[in-house]
Amino acid sequence: MPKEKYDPPDPRRMYTIMSSEEAANGKKSYWAELEITGKVKNLSTSLWSLTHLTALYISDNSLSRIPPDIAKLHNLVYLDLSSNKIRSLPAELGNMVSLRELLLNNNQLRVLPFELGKLFQLHTLGLKGNPLAQEILNLYQEPDGTRRLLNYLLDNLAGTKRVSTEPPPPRSWIPLQDPDRTRPTALFSVMCYNVLCDKYATRQLYGYCPPWALNWDYRKKSIMQEIMNCSADIISLQEVETEQYYNFFLVELKEQGYEGFFSPKSRARTMSESDRKHVDGCAIFYKTDKFSLVQKHTVEFNQLAMANSEGSEVMLNRVMTKDNIGVAVLLELRKEMMELSAGKPLHGMEKQLVLVANAHMHWDPEYSDVKLVQTMMFLSEVKNIVDKATRSLKLSSVSGETNPIPLVLCADLNSLPDSGVVEYLSTGGVDSTHKDFKELRYIDCLTNFNCNGKNGTSNGRITHGFKLKSAYENGLMPYTNYTFDFKGIIDYIFHSQPLLNVLGVLGPLDPQWLTENNISGCPHPHVPSDHFSLFAQLELILPYPPSVNGIHLPGRR
């Protein structure tokens, strides 16, 4: 979350008064800065309705207090309260997170509210000429004193009674449809979660979060608690550091009956062992009492870009240079799981497989073309995995027809629902001229990823053969990523149709809790990642077992 460049207001303030002639001619008045002078002792309540203000100068007055309602001026970037008689500040001042300059010089302040530590965008804090405690003054007078003091205040904020220590209420379950009672099915649940790896959890990116709550040793306990609470049959995680996978996630989840597969980003292969352990990647865990592993695969997007560049400079210069990866596991449902769902022994039932894929696409909003190409490459590789598995494992039914392998795709796509990436996945294809390609010449190499193959007809579209549907549709989650600068949906669980249906999903975090606690972004002491987890219960339609005298015997439901 890099901070935008800040240009302070011009100290040589110019005042212009609209003439009566200009007013008569309908000239519009717009002013974003306001100065109040004249030894003012009290501020009018009408001031708090001027929410468009970006700068407020009320220095050199006789104010002894500042009302909490000042926080209604949420667009203020510059606030000068210097040279008044202010003895205390309202805690609500800490909610004015747009502030870049806060001048409190020459007042009568003896203490500062810890809530000021929430002003993570503050460049300048003026405190000279106040009878503050020596501990505060010592911090303030150090090099980078403003930042040190704000960190101190934020660190101590959690110990004050003003901060709600109540965790958010449990997320509600949203039922979507009833199970199919007319034929054999198997139910299983899936979780998708970007856990925010330690090396990205910095104060530069998440300045609104207390440093102790960004610490991995603190966050990892809450992350694991979130995973345990869901107890999904399949767990897909992104941003898992290599060392944390082997020393934490795998150890903890094995104790709960899971086995896992992990691959780090491609850069890991060029690094020393000590550096490699901090490279993040994608992991899939599955409950061993419900699934057994048949195959596991790693998909390296930079390798695919190089192999399929067809001389395309943009493919080599933009896609190949990004080292994102995806992983996939081919799982077989244990017979006991299918019989438990069917309610009776399933003699002669063919083996039932499901492919689970997990990926983390490039993050930068300026590279929508790269995200779209990475998604196409990933789905093309997933198709290859399915095709090879179907042939090598001889997945034909008694009637001779091929039993398709259903797909569950979990991903942090770093793409919004109106993006080319989501259009491609959910509709089966996009035009090769889609705006997300940025008019860059990819067409010669993208045909390699078409579902019809390189020599197939595409009519200018790049397509895939999976019939995918998002588990979270119609705004069930208003956002999956929640930071100060960005709130939106970028994480997804897709499933193939018609063999998989969604019975229900875990709903969003209570928006009222976020509002009432003035939570401008996550991570937060009660929310360990900047992403919210997704969790869905899926129903897999099983093929009918072989008939007896031409009659299918239904299971006891």
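Strand E17, residues 468-470, pairs with strand E20 in the antiparallel sense, over three bridges. Helices (H or I, at least four residues) and strands (E, at least two) are DSSP runs, numbered from the N terminus. Two strands pair if DSSP finds at least two bridges between them. In this pairing, Leu-468 is opposite Ser-496 of E20.

This is a predicted model, where local features need pLDDT of at least 70 and side-chain atom pairs count only at pLDDT 80 or more, while totals for chains, interfaces and linings use all residues. Residues are numbered from 1 along each chain as its sequence is written, and side-chain values use heavy atoms, with hydrogens and water left out.

E20 also runs antiparallel to strand E14, residues 407-412, and five bridges join them. There, Cys-410 is opposite Ile-493 of E20.

How many of the residues of E20 are buried? Six of its six, across residues 491-496. Buried means under 20% relative accessible area, exposed over 50%, and partly exposed in between, with a 1.4 Å probe and protein chains only. Asp-491, Ile-493 and His-495 point one way from E20, and Tyr-492, Phe-494 and Ser-496 point the other way. In a regular strand, side chains alternate between the two faces of the sheet.

Now the loop. Ser-82 lies between strand E3 (78-80) and strand E4 (101-103). Ser-82 is buried, at 8% relative accessible area. Leaving aside neighbours within four places in sequence, its contacts (heavy atoms within 4.5 Å) include Ile-58, Asp-60 and Leu-103.
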